[in-house]
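Keep the 3D view open as you read.

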Amino acid sequence: MNEQSVGIRIEDLHLSFGDTKVLTGIDMEIRAGEFFAFLGPSGSGKSTLLRAIAGFGPAPRGRILIGGRDVAGLPPWKRDVGMVFQSYALWPHLSVRRNVAFGLEERRVPRRQIGPKVEAALDLVGLLPLADRMPSQLSGGQQQRVALARTVAIEPKVLLLDEPLSNLDAGLRVQTRRELLALQRKLGLTTIFVTHDQEEANTTSDRMAVLDAGVIQQIGTPQALYDRPVNRFVARFLGTANILQGEGTREGFRLPGGATLALTAPPGPRDIVLRPQAIRIGPVEPASRDRLPGVVRHREFLGSQVRYFVDAADTQLVVDTLHIATRPMLEPGAAVSLAVDPEAVVVLEESGGRAPI
Amino acid sequence: MTVTTVSIRPRLPRLSRPSALAVIGILIAAFLMMFLILPVIQVIYVAFLDPRSGALTLDNFSDFFASPLFRESFWNSLYVAAMSVVFATLIALPLAYLTTRFDFAGSAVIQSLGIIPLIMPPFVGAVAMQLLFGRNGTVNLLLNDWFGFKIPFMEGLNGVIFVESIHYFPFILINLSASLRNIDRSMEEAAQNLGASGMRLFRRIVFPLAMPGYIAGAALVFIKVFDDLGTPLMLNVKAMLAPQAYMRITGVGINDPMGYVISFILIAFSVLSLWLSFLVMRGRDYATVQKGGGGLARRQLSPWERVAAWVVILVILGLVLAPHIGLMLLSFGTIWSFSPLPDAFTLKHYGTVFSQAGQYITNTLLYAGGAALIDILIGTAVAYIVLRTGLPGRRWLDYLSTAALAVPGVVLGIGYLRMFHGVHLPGVGPLASWWVMIMIALAIRRLPYALRACMAALQQVSLSLEEAAENLGASKARSIRRIVVPLMTGGILAGFVTSFATAAVELSATIMLVSGERDAPLSYGIYLFMQSPSGRGAGAALGIIAVIIVALATYISQRVIERDSHLRGARPTGSH
């Protein structure tokens, strides 16, 4: 529907509710046609940022450029951004067809064109046969598609999705996120997707911004953020992370407890991130560089993996191993030796600053 | 004040002794049959009965519509009820919109505006309104002096419409504000996102979503006005249905069929408007299915808009307080006639009241207190049986208790007169004129409200709290007594006080059943005093006393509800 997709640029955006700062110094650029996720825990400001782009909530300070035009001073009805609400916000007194027609009527689209456009939008989400139902007669998943059809019917410049999957049950969620992505690719619409679920963000988005406490922590592709987090928050929020405090020395990275990893780190106290699957667990071997002695404290069987909680390096490390039916599992109390691949270790910067994109 | 049947479906507890609750349920059902259903059926039956031959007939209805006076009364009642809805809407709509849509300091004033008229029934202030707004009342005298014209506020039916609409608009205000407040904010935002704003947004999205609340309030106003007996009587408007029914039964006699025909019409219209509002609302209880952020987005008013808003509010506030101010002036005034204010002020009316009318006050406390007690006993039992047991027919107990909503007070009174006419109880005398009948009639009329209060209170008590008691060894009866009832206390108390306050000023059933001054309550006393110009001062003083009693009771129930919800808020186990 949209031949010309546009980019979004946010410059030095600040926003407060009364005296409470909710967003601080937001700077980002979302490319035309990109599927972009805002990821963060509740209260991180991700929904507030999305709503600010749509023009809802208190007026922010800073600039919001959509396709080069600053929309920060415009009322919501003049911004040309389509938003799908978390609650879907289908009007219960209007049929599906009239819900979808609403935006076109408000835009004074000639009456002759409204019918075909409504049907095209409903067809796109596969709900044309239900056009004359009332919203209360639809399932949650169907309501969500109507909300989507209602929004894309007006051919907005950008599409904003506020936790669109959170009101669906688990099975439907996976299917719907694939459909959402397929639809976005088909329309080529620049899309922002707000979620607190890292799996949703990972599986759908081209790039994402991780927010915490109203500040962007890091922006990048899902893989880049997982593999190269810049701070503890990003490392923890995207998957399980062992974070160890140690010290960079001339010989390598010295861990508490004495072992030293062969990796180059700037001198001084540092944090490093070890993903659970980057640690190999094995029988006791003579301690050497890159090997840590440890004792299994607890075991969780996760199906495809077995997760061990191992006391080592004066802390407890989480270690994942592939589960193979013929391989016996280690018992709690077993003395083990942990091997760390220096390549897989991420040395964090000292503060929670932003990484280059 | 909509009648929602509660749809929580509890798993059926295995009652060790279902018999105790079942017996209570059957006793309540018998009581309701005796004092609500049978009298009403009796009234309807007599409406279709030939008074001479005793055969079923429609002749009474053709007689009714053949009479010009009855035809006029019928149309007058419809007209007055419909116009009262129109004027009540004109008052309530701007107030509801202001409080819910704008950040406005006057919202608190509007909230209290919603309660003030309800603490005084319209008939009490009707005479005072005549003195303020009548042809030679304060306002018209001043208008005539300054501008040389008068406005016929109180002429004939106008007076009834005027008095009723400023008393009953809160029903629309409360329901409409609740609907507006419950509209999910994203409903409005989604419309803005798709390009709607201003009046179009209001007309296409906001108002349709608030419609159910408006209809509920409007239907209530219609019924209340249509059934009201006191106000037209006070204003000396006889050509309306309720006054005609009263006059036929008390004047012509208990066997005159016209009173029953009118009763049938009153019931038919009550049922019809409740049913219509139910039809409109069915499947449209939008508020409860929406989730997400609550309430419309609030906007700041510009300085000019704020001035305009305050003017609107102050005008309405003046109207709402007019009956109270008028009543106050009347009760302290010496002579008030053809002058803007009474000639002088005196305390002698209050002296008259306390020396002559003490029995009115004690009777009221007795009747209203007894009625409220009956209400909460039945209300608590029915609430428990309906919500927490699997007794067969428990829904019917709910319907029976709620049915009184559709029965006008006049009709209930006529039903009692007819049914207990000629029944003599040893030691009591004629049953129909026994004061206990007044108390029972009041209890029946207020039961629907008390029952809702008890049900709401019970729903606040999680089933697991009761189960925990049973698990620790308490029997069903003991866990109800030690856990459920104490936790319901706040709600039950609020139900008691509300029933008491509204019963204390009821007139329509009371006026039918009062047999003599000795047994009369306040409302009837006010009516008697107000009949003669010389008694108005004392009548007004009695009215002021009634208002104080009701206001005090309302204040206490508010405090109880607040304190209760405060306590509840501190508990982590909120169950809804």
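Across all chains, a search of the whole structure finds 27 salt bridges, each being a side-chain nitrogen of Lys or Arg within 4 Å of a carboxyl oxygen of Asp or Glu. This is a predicted model, in which local features need pLDDT of at least 70 and side-chain atom pairs count only at pLDDT 80 or more, while totals for chains, interfaces and linings use all residues. Residues are numbered from 1 along each chain as its sequence is written, chains are lettered from A and ligands numbered from 1 in the order in which they are written, and side-chain values use heavy atoms, with hydrogens and water left out.

Begin inside chain B, where the side chains of B:Arg452 and B:Asp398 form a salt bridge with N and O 2.8 Å apart. B:Arg452 sits in helix 19 (residues 435–459) of chain B and B:Asp398 in helix 17 (residues 394–402) of chain B, so this pair ties together parts that are 54 residues apart in sequence. Helices here are DSSP runs of H or I with at least four residues, and strands are runs of E with at least two, numbered from the N terminus. Both B:Arg452 and B:Asp398 are buried, where buried means under 20% relative accessible area, exposed over 50%, and partly exposed in between (1.4 Å probe, protein chains only).

In chain A, look for A:Arg107 and A:Asp80, whose closest N and O atoms are 2.9 Å apart in another salt bridge. A:Arg107 is partly exposed, at 27% relative accessibility, and A:Asp80 is partly exposed at 23%. Chain A also has a network of salt bridges that links A:Arg9, A:Glu11, A:Glu29 and A:Arg63.

Now turn to where the chains meet. A:Arg51 forms a salt bridge with B:Glu189, with the closest N and O atoms 2.6 Å apart. This pair crosses between chains, from helix 1 (residues 46–54) of chain A to helix 8 of chain B. B:Glu189 counts as buried because its relative accessibility is 6%. In total, 4 salt bridges join chain B and chain A.

How many residues of chain B are in contact with chain A? The contact involves 20 residues of chain B and 27 of chain A, counting heavy atoms within 4.5 Å. Helix 8 of chain B gives the largest share of chain B's side, 7 residues.
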